[in-house]
Amino acid sequence: MLQLKDIAFTYNTTPVLKNISFDVKAGEHVSIIGASGSGKTTLLKLIYGEYDLIEGQIFWNDAEVLGPKHNLVIGTEYMKYVAQEFDLMPYITVEENIGKFLPNFYPEEKQQRTDELLDLVELKAFTKTKVKDLSGGQKQRVALARAIAKQPEIILLDEPFSHIDNFKKQSLRRNLFAHLKNKNIACIVATHDKDDVLAYADQIIVLYETKIIANDSPKHLYNHPKKNIIASFFGEFNTFSISEIASSNSNNQIIVYAHELKVVAKSKLKVIVKQSYFKGNHYLIETHFKTQSVFFEHPTHIGSGSEICLSVSDAIIAERTL
């Protein structure tokens, strides 16, 4: 188990992280989300031992993770970190990069493991290609394969699919996370992409203004977003006072996703259409309401200037106001 106990870190005199505590069990998938500059990458580097803590402690099982003041060489066999820079060897082949740290005592087993990983990251066709000749997305896939080659106990992934084309990203994401679960490898992913999270994470940690403001399951955070920064991660959303959308005098604020607003014949929420954006299986409709823009999803285009009534189900209002 990974344990972070009240850790803090500062760049020069600027606080980056404060009072950060959480646990990650063996085989668990934890996603860290937050705006750019919120400390996601710094947190991964602290866990890996690249930086020295200002306060607190980090443990993997009974071993304390210490920074460069205590270790000449950063990193351990039980933990791997895939940074956004990849750190590959450009003048040897994909196959050689992946197998670089596998033992040579058993060449058949080494080749079998390398072939398995080439299949996992869908790079079999590039086995003999030198890394310098690969695209950014292909290099990222080599880095992922190399990191899990020796089956670490925990892996840290910083935006692991950011360079990979969409047509490869979906299958690679499924294959990689299924492999980690199957091998009981703990995984911490720092990401901006909700598709890295919703179907795979056991828990989501939200960083905001140096601290953890939420730590819960993807389903709970999606259904009960308490802050705009959380809702924004999952998609287009709107903020209303309850009195604007329900028979109530309450001025308490409620977050409503765009897909949760429905067109109805009559309601309190009357809006004027500004623009319709084609999204494939639906249109995202931008409207004007009082002094704010309101977004909702609709199966067809709606012309600019149209007056529309929108409603939110009583169940959603009740759930969000608990």
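Visitor: Which residues touch the most other members of the largest nonpolar core?

Guide: This is a predicted model. First, the general idea. In soluble globular proteins, nonpolar side chains tend to be buried together. Here, the largest nonpolar core has 31 residues. Val-94, Ile-155, Leu-157, Leu-176, Phe-177 and Leu-180 touch the most other members.

Visitor: Which helices and strands each supply at least two residues of this core?

Guide: Four helices do: α2 (94-99), α3 (107-120), α4 (136-148) and α5 (166-182). Strands β7 (154-158) and β8 (186-190) do too. The most comes from α4, with 6 residues.

Visitor: What is Phe-177 in contact with, leaving aside its neighbours within four places in sequence?

Guide: Its contacts are His-29, Leu-157, Phe-161, Cys-187, Val-189, Asp-196 and Tyr-200. Another core, of 30 residues, lies apart from the largest one. Leu-2, Ile-32, Tyr-48 and Tyr-81 are among its members.

Visitor: Now the sheet. What is the order of the strands in the open sheet of 5 strands?

Guide: Again, the general idea first. Strands of a sheet pair through backbone hydrogen bonds, either parallel or antiparallel. In this sheet the order reads β13-β17-β14-β15-β16, and the pairing is antiparallel.

Visitor: Why is one side of β13 and of β16 left without a neighbour in the sheet?

Guide: Both β13 (262-264) and β16 (292-298) stand at the edges with a single partner strand each, so one side of each has no neighbour there. From one strand to the next, the twist averages 50°.

Visitor: How many bridges join β15 and β16?

Guide: Strand β15 (residues 283-289) pairs with β16 over 7 bridges, in the antiparallel sense. To find the pairing on screen, look for Phe-289, which stands opposite Gln-292 in β16.

Note on methods:
Residues are numbered from 1 along each chain as its sequence is written. This is a predicted model: local features need pLDDT of at least 70, side-chain atom pairs count only at pLDDT 80 or more; totals for chains, interfaces and linings use all residues. Side-chain values use heavy atoms; hydrogens and water are left out. A nonpolar core is a set of buried Ala, Val, Leu, Ile, Met, Phe, Trp, Tyr and Cys residues joined through side-chain atoms within 4.5 Å. Buried means under 20% relative accessible area, exposed over 50%, partly exposed in between (1.4 Å probe, protein chains only). Contact means heavy atoms within 4.5 Å. Two strands pair if DSSP finds at least two bridges between them. Axes are lines fitted to C-alpha atoms, for helices over the stretch in contact, and angles run from 0 to 180 degrees between N-to-C directions.
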